[in-house]
Amino acid sequence: MNLLKISAFMFFLVTVLFGEVKEVDKLFEQVNHASNPKEKKELIEELKKKLAQENIKKREEANAILKAKEKLPNKPYKDISLSK
């Protein structure tokens with residue numbers, strides 16, 4: 001029973017600590033709850049800008065990962081002279 005309590009507590013702790021509420025999510029909620037069309041349009045434009053910024057960041061990260069992978073050797077190095 002203690003193991004169940006500990007595992008439930010750890011799960012709760014991890015989800016709370018690592019859970020993120022991003023600015024994009026907040027803007028999306030504001031768009032959903034906006035009452036007048038003018039405010040909704042402004043929020044949608046701001047949401048588009050934030051999404052574009054996030055997209056650029058993620059694309060840069062992906063490109064950096066791909067460049068780092070290109071530097072890795074395709075085959076493991078084997079020195080034949082050492083094995084003799």
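Phe 9 lies in helix H1 (residues 2–18), where helices are DSSP runs of H or I with at least four residues, numbered from the N terminus. This is a predicted model, in which local features need pLDDT of at least 70 and side-chain atom pairs count only at pLDDT 80 or more, while totals for chains, interfaces and linings use all residues. Residues are numbered from 1 along each chain as its sequence is written, and side-chain values use heavy atoms, leaving out hydrogens and water.

Confidence is expressed as pLDDT, the predictor's score for each residue from 0 to 100; the protein averages 81, and 83% of the residues score at least 70.

| Helix | Mean pLDDT |
|---|---|
| H3, highest | 90 |
| H4 (residues 80–83), lowest | 67 |

Where pLDDT is low, the predicted coordinates should not be read in detail.

In helix H2 (residues 23–33), the buried residues are Val 24, Leu 27 and Val 31, buried meaning under 20% relative accessible area, exposed over 50% and partly exposed in between, with a 1.4 Å probe and protein chains only. These residues cover an arc of only 60° around the axis, which puts them on the same side of H2, the arc being that of the directions from the helix axis to the C-beta atoms. Helix H3 (37–71) is included in what covers them.

The whole structure holds 1 salt bridge, defined as a side-chain nitrogen of Lys or Arg within 4 Å of a carboxyl oxygen of Asp or Glu. Glu 45 forms a salt bridge with Lys 48, with the closest N and O atoms 3.6 Å apart.

Note on methods. Helix = DSSP H or I, 4+ residues; strand = E, 2+ residues; numbered from the N terminus. Contact = heavy atoms within 4.5 Å.
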